[in-house]
Amino acid sequence: MIQLTINDQIQHFESPINVTQLIDCLALQGKRIAIERNGEIIPRSQFTEQILVDGDQLEVVVAVGGG
Amino acid sequence: MDNLIIAGKTYSSRLLVGTGKYKDFNETRAAIETSGAEIITVAIRRTNIGQNAGEPNLLDVISPSQYTLLPNTAGCYTVDDAVRTLRLARELLDGHSLVKLEVLGDPKTLYPNMVETIKAAEILIKEDFQVMVYTSDDPIIAKQLEEIGCVAVMPLASLIGSGMGILNPWNLQIIIDNAKVPVLVDAGVGTASDAAIAMELGCDGVLMNTAIAAAQNPILMASAMCKAVEAGREAYLAGRMAKKLYSASPSSPVSGVIASSGS
């Protein structure tokens with residue numbers, strides 16, 4: 001069991017997962033998002049190779065209306 | 001053609017608009033189309049986890065292929081938050097590096113914290129971002145921001161969202177006169193005449209959001225702002241007549257006026 005903090009919410013997963021799997025779990029497939037892991041950007045090209053581990057802090061963002 | 005050039009890219013519109021505070025995406029899209037703006041600001045926010053997975057995304061409405069998107073750091077009060085937000089924005093927008101930096105100092109006034117803004121700008125410029133920077137209307141700070149490599153300097157006319165118009169045209173004039181990069185008024189414009197005045201002062205452009213979005217009829221106000229920015233620019237280029245206090249000069253000939261005879 002691993003624990004990830006995603007946008008300040010704690011979520012548990014059975015085992016370590018890669019970023020693509022996380023995106024599937026969050027139903028964010030095909031969405032325009034960007035992800036930061038422990039303060040560092042995860043480039044989209046590394047979504048399958050980066051394995052998330054217990055304690056990781058993630059930020060998942062989108063573009064919204066703003067001035 | 002009288003174009004606006006920012007970081008080497010040419011734009012025909014000198015009006016930049018935001019995408020916040022609209023009733024819905026349809027209104028957002030209609031207002032932006034009517035404004036004629038080519039540079040459109042967006043904010044970067046956490047996505048809702050586990051909710052509204054099917055809800056439409058702003059970028060489905062405002063296409064990055066059709067507009068130059070300008071991600072901002074609205075809501076950031078520290079160097080770290082602002083820099084992280086724009087790194088995320090660059091990843092989100094496929095390496096797009098033109099950004100609007102603002103580091104706020106106080107939630108009540110949303111006045112910029114210029115010490116932190118300069119620090120954030122230096123970091124971002126080192127990382128090859130093209131930084132358009134929201135600033136106070138202090139001419140010394142504005143010049144410093146230019147010297148460290150910001151691609152445009154954007155002083156406030158008055159507080160963000162206040163609609164109070166141009167409170168210190170004299171400072172704006174000094175900033176414009178000293179600048180070698182584009183100067184855009186950002187924040188405080190309330191109505192069309194404010195935008196025209198900014199342009200008549202010699203600003204290179206105007207960035208606004210609330211003045212359009214919070215108008216009773218946002219689409220009509222977007223149209224008004226488009227015209228005001230164009231009119232103000234033309235008046236600036238035309239060069240206004242000198243003001244002549246207490247020295248009236250008739251527009252019609254003084255001779256040949258009929259007069260009653262025999263007096």
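Chain B comes to 9 helices and 10 strands, counting DSSP runs numbered from the N terminus, with helices as H or I of at least four residues and strands as E of at least two. This is a predicted model, where local features need pLDDT of at least 70 and side-chain atom pairs count only at pLDDT 80 or more, while totals for chains, interfaces and linings use all residues. Residues are numbered from 1 along each chain as its sequence is written, chains are lettered from A and ligands numbered from 1 in the order in which they are written, and side-chain values use heavy atoms, with hydrogens and water left out.

The C-alpha trace of chain B spans about 95 × 40 × 40 Å along its principal axes. Of the 263 residues in chain B, 50% are buried, where buried is under 20% relative accessible area, exposed is over 50% and partly exposed is in between (1.4 Å probe, protein chains only). As for contacts (heavy atoms within 4.5 Å), take those in chain B between residues at least 6 apart in sequence: 64% of them join residues at least 24 apart.

Now for the interface. Here 28 residues of chain A are in contact with 29 residues of chain B. The area buried between the two chains is about 2,600 Å², and carbon and sulfur atoms give 54% of that; buried area is the accessible area (1.4 Å probe) that two parts lose on being put together, summed over both. A:Arg32, A:Ala63 and A:Gly67 supply 25% of what chain A buries against chain B, more than any other three residues.

On the polar side, 16 residue pairs between chain A and chain B are in polar contact, both residues being at pLDDT 80 or more. A polar contact is a pair of N or O atoms within 3.5 Å; within protein, one must be able to donate a hydrogen and the other to accept it, and residues adjacent in sequence count only if both atoms are side-chain atoms. The rule also finds 5 salt bridges across this interface, each a side-chain nitrogen of Lys or Arg within 4 Å of a carboxyl oxygen of Asp or Glu. B:Arg84 forms a salt bridge with A:Glu36, with the closest N and O atoms 2.5 Å apart.

On the side of chain A that touches chain B, β2 (9–13), β4 (34–37) and β7 (57–65) each supply at least two residues. The largest share, 7 residues, comes from β7(A). By class, this side has 15 nonpolar, 7 polar and 6 charged residues; Ala, Val, Leu, Ile, Met, Phe, Trp, Tyr, Cys and Pro count as nonpolar, Asp, Glu, Lys and Arg as charged, and the others, Gly among them, as polar.

Strand pairing, which takes at least two DSSP bridges between two strands, also crosses between the chains: β7(A) runs antiparallel to β4 (residues 39–46) of chain B, joined by 5 bridges. Within that pairing, A:Ala63 stands opposite B:Ile44, and A:Val62 has B:Arg45 as its bridge partner. Inside chain A, β7(A) runs antiparallel to β4(A) over 4 bridges, with A:Ile35 opposite A:Val60. Strand β1 (residues 2–6) of chain A pairs with β7(A) in the parallel sense over 2 bridges, and there A:Thr5 partners A:Gln57.

Last, a loop residue: A:Gln50 lies between β5 (40–41) and β6 (51–52) of chain A. A:Gln50 counts as buried because its relative accessible area is 17%. Its side chain makes a polar contact of 2.7 Å with that of A:Arg37. Not counting residues up to four places away in sequence, A:Gln50 touches A:Ile17, A:Asn18, A:Val19, A:Arg37 and A:Ile42.
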